[in-house]
Amino acid sequence: MSQYALLVASTVIACLLNGSHGTVTEKNTYENHTCIRECTLNSSRTCVYDFILEYYFTLTKACYNCPINVTDCYRPHCVAANGYPRAIMTVNRMLPGPAIHVCKGDTIVVNVQNALQGGEGTSIHWHGVLQHDSQYMDGVSMLTQCPIPSHTTFQYKFKANNAGTHFWHAHSGLQRSDGFYGVLVIRDAPEHEVHLGLYDFDLPEHTIVVNDWLIELCVSKFANHHHAGGDNKPESMLINGRGMFQNFSNNSTQSVANTPVAVFKVHQGRRYRFRSISNGILNCPIQVSIDNHNLTMIASDGNPFKKIEVESFNIFAGERFDFVLAATADVGNYWIRARGLADCSVKKAKQVAILRYEGAPDEQPTQPISYEDANRSGKKLNPWNQKGTEELIQITDLDSLVEDDAALKDKPDKKFYIYMDFNKIDNYHFQDKTYYPLSAVEKAKHLYMPQMNRISTILPPTPPLTQYKDIPTGTFCNPETINKNCTKEYCECTFLLKASLGDVVELVVIDEGVTFNANHPVHLHGHAFRVVGMDRLNDSTSVQEVMRLDAEGKLPRKLTKAVSKDTVTIPDGGYSILRFLADNPGFWLFHCHIEFHVEIGMGLIIQVGEPGQMPKPPRNFPKCGHWSFQGYDEDQTNQTETKCNVSSASMNNIGTTVLMIVLGAFWMR
């Protein structure tokens with residue numbers, strides 16, 4: 001064997017030994033992952049998952065005769081969704097993607113393979129995981145990492161340090177709207193569960209994910225709405241990726257069939273901890289209730305609070321709520337109802353699932369499922385754009401069971417007023433001042449900009465966490481550095497606020513509410529915050545009015561037992577006051593969690609600490625950014641080197657053969 005052949009063979013073997021990921025032929029659901037277990041003290045594991053991201057479709061050939069033969073709807077790779085045919089994005093051909101259930105202290109390793117056709121980049125954010133000492137794993141494209149290029153893999157690795165109900169989702173473009181999302185639950189040992197005595201079971205199968213759902217790829221709806229005045233109102237919803245929306249004719253029985261809904265099973269007389277998550281896409285708060293049952297609410301965004309019993313609760317995009325359900329009703333089937341509010345009310349978007357008692361028949365409940373039937377009366381937690389009452393329980397009415405900390409001291413070290421609304425301004429991305437300005441097009445096609453402090457944030461050309469020195473001068477801005485009137489001219493830049501490491505930061509977040517009766521649930525990366533104040537002042541307000549009231553001492557703050565969250569709504573025509581201890585150095589996104597709003601700039605970056613106080617990137621962390629041709633190096637040669645660029649599929653076919661050739665060559669010698 002020649003030296004060249006030996007070199008090629010040895011290179012291929014090296015690639016095999018290095019474990020190149022390539023194409024995974026069996027897409028894993030991880031329903032029986034070894035990390036799903038009873039959590040105990042001082043017992044941690046490394047939990048590994050392989051995610052394959054790709055474009056897919058509902059009711060593919062994998063579904064055979066679903067839903068006419070309903071059992072076909074449960075076949076591997078069959079995504080029935082709500083029965084409407086549309087392109088989707090999936091992880092491991094599942095909707096939602098694989099659920100991750102681990103114990104506090106475990107190490108989570110996720111190997112992401114970007115198999116998206118068309119060359120799209122992607123990234124995954126672990127929503128609710130604070131990423132202390134693993135800032136580079138936060139998963140925000142162009143802030144904490146470069147997008148994962150198509151046909152490449154990226155490995156996320158971080159500690160499951162903060163217990164609670166979280167979830168994962170894409171944080172590039174509109175991808176989470178089309179299916180890139182899934183459950184992430186970090187359980188604690190029973191000794192650390194403050195609500196342990198309230199329930200008998202805390203099971204992975206009692207995790208509920210609700211979201212509004214479109215009948216087309218979100219990018220199509222986005223382009224139509226922003227460029228042509230198309231509507232942005234969801235038609236349907238999903239619960240755990242399932243639902244009824246599209247009817248199918250069963251010719252053999254002359255009846256109508258629907259795709260199956262999610263089913264949650266319980267035993268009569270037992271108490272169950274349910275974990276609910278909103279992957280809400282558009283302006284769609286969701287009212288959740290269960291027929292014939294009250295709900296004992298015990299936690300939000302992974303943080304416990306003093307129990308409170310309600311008939312229903314609202315959950316906003318990005319929020320999570322845990323509740324205890326006591327299975328004390330008669331043995332039977334009961335509707336779990338999700339009812340969309342705000343923009344979801346226009347087309348009466350709703351969905352149902354089934355709470356099924358052991359011993360009940362395998363059939364649907366008989367109660368009607370109209371949009372109006374889902375409007376549960378009685379006590380409600382987390383009202384949408386309403387002042388708190390005895391029946392409407394605000395977040396600030398809850399008493400946290402997380403011990404008071406430095407964030408609740410009398411005066412913060414830094415205070416920022418962040419005001420939001422829809423600004424009537426010509427944005428050159430969607431309105432051309434010469435050919436089709438706002439003043440020249442019909443009102444139905446007016447596009448108002450959802451902004452913070454009249455600024456639309458664009459992400460920088462390189463991630464500041466990893467390539468701070470590569471950020472061009474003048475990229476970052478704030479209201480004090482912009483040299484134009486943003487109420488009359490469109491302002492676009494990378495909106496940055498700075499806090500020193502160890503500061504207690506207060507954000508007075510205001511929804512002026514002048515243009516629409518809308519909703520902006522805001523999410524903070526890297527930190528949990530205390531909700532120390534919240535109120536709706538009127539149908540609309542202004543930052544000047546709120547600042548005046550604050551100066552007069554008329555914005556009360558709850559500085560003991562304030563609930564701890566990472567996502568909260570801002571009442572339209574009102575405010576929410578958030579406090580956090582800036583103890584996690586890095587660049588952290590603070591943004592509205594409505595997809596269309598954040599995608600066109602409704603957010604900002606909070607820099608905690610100086611770059612020298614931030615951890616160094618992992619070895620060989622990917623880089624990206626602007627590039628321009630500047631000639632060739634003088635010492636550049638035409639030499640090439642052999643690289644491990646053979647796909648895993650090819651490796652599987654030739655690896656053994658190459659190994660035999662090499663061994664045979666040495667044997668013949």
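This note goes through a predicted model of one protein chain, from its overall form to single residues.

1. Basis. Residues are numbered from 1 along each chain as its sequence is written, and side-chain values use heavy atoms, with hydrogens and water left out. As the model is predicted, local features need pLDDT of at least 70 and side-chain atom pairs count only at pLDDT 80 or more, while totals for chains, interfaces and linings use all residues.

2. Overall form. For 669 residues, a compact globule would have a radius of gyration near 26 Å, and the protein chain agrees because its value is 26 Å. This radius is taken over C-alpha atoms, and the globule rule is 2.2 Å times the number of residues to the power 0.38. The C-alpha trace spans about 90 × 70 × 60 Å along its principal axes.

3. Of the 669 residues, 56% are buried (buried means under 20% relative accessible area, exposed over 50%, partly exposed in between, with a 1.4 Å probe and protein chains only). Among contacts with a separation of 6 or more, 79% join residues 24 or more positions apart; a contact means heavy atoms within 4.5 Å.

4. Helices and strands. The protein chain has six helices and 36 strands. Both are DSSP runs numbered from the N terminus: helices are H or I with at least four residues, strands are E with at least two.

5. An unreviewed UniProt entry lists "domain: Plastocyanin-like" for residues 82-189, 206-360 and 470-609. UniProt positions are in the numbering used here, feature names are shortened, and annotations may be inferred rather than shown by experiment. Residues 82-189 are 0% helix and 39% strand, with end C-alpha atoms 37 Å apart. Residues 206-360 are 7% helix and 48% strand, and their end C-alpha atoms are 18 Å apart.

6. Cis peptide bonds. The bond from cysteine 66 to proline 67 is cis, with omega near 5 degrees; proline 67 sits in the loop between β1 (46-57) and β2 (87-91). The bond from leucine 95 to proline 96 is also cis, with omega near -10 degrees, and proline 96 lies in the loop between β2 and β3 (100-103).

7. Positive phi. Which phi does methionine 142 have, although it is not a glycine? Its phi is positive, about 70 degrees. Methionine 142 lies between β5 (124-127) and β6 (153-159), in a loop, and counts as buried because its relative accessible area is 17%. Lysine 561, not a glycine either, has a positive phi of about 60 degrees. Lysine 561 is partly exposed, at 45% relative accessibility.
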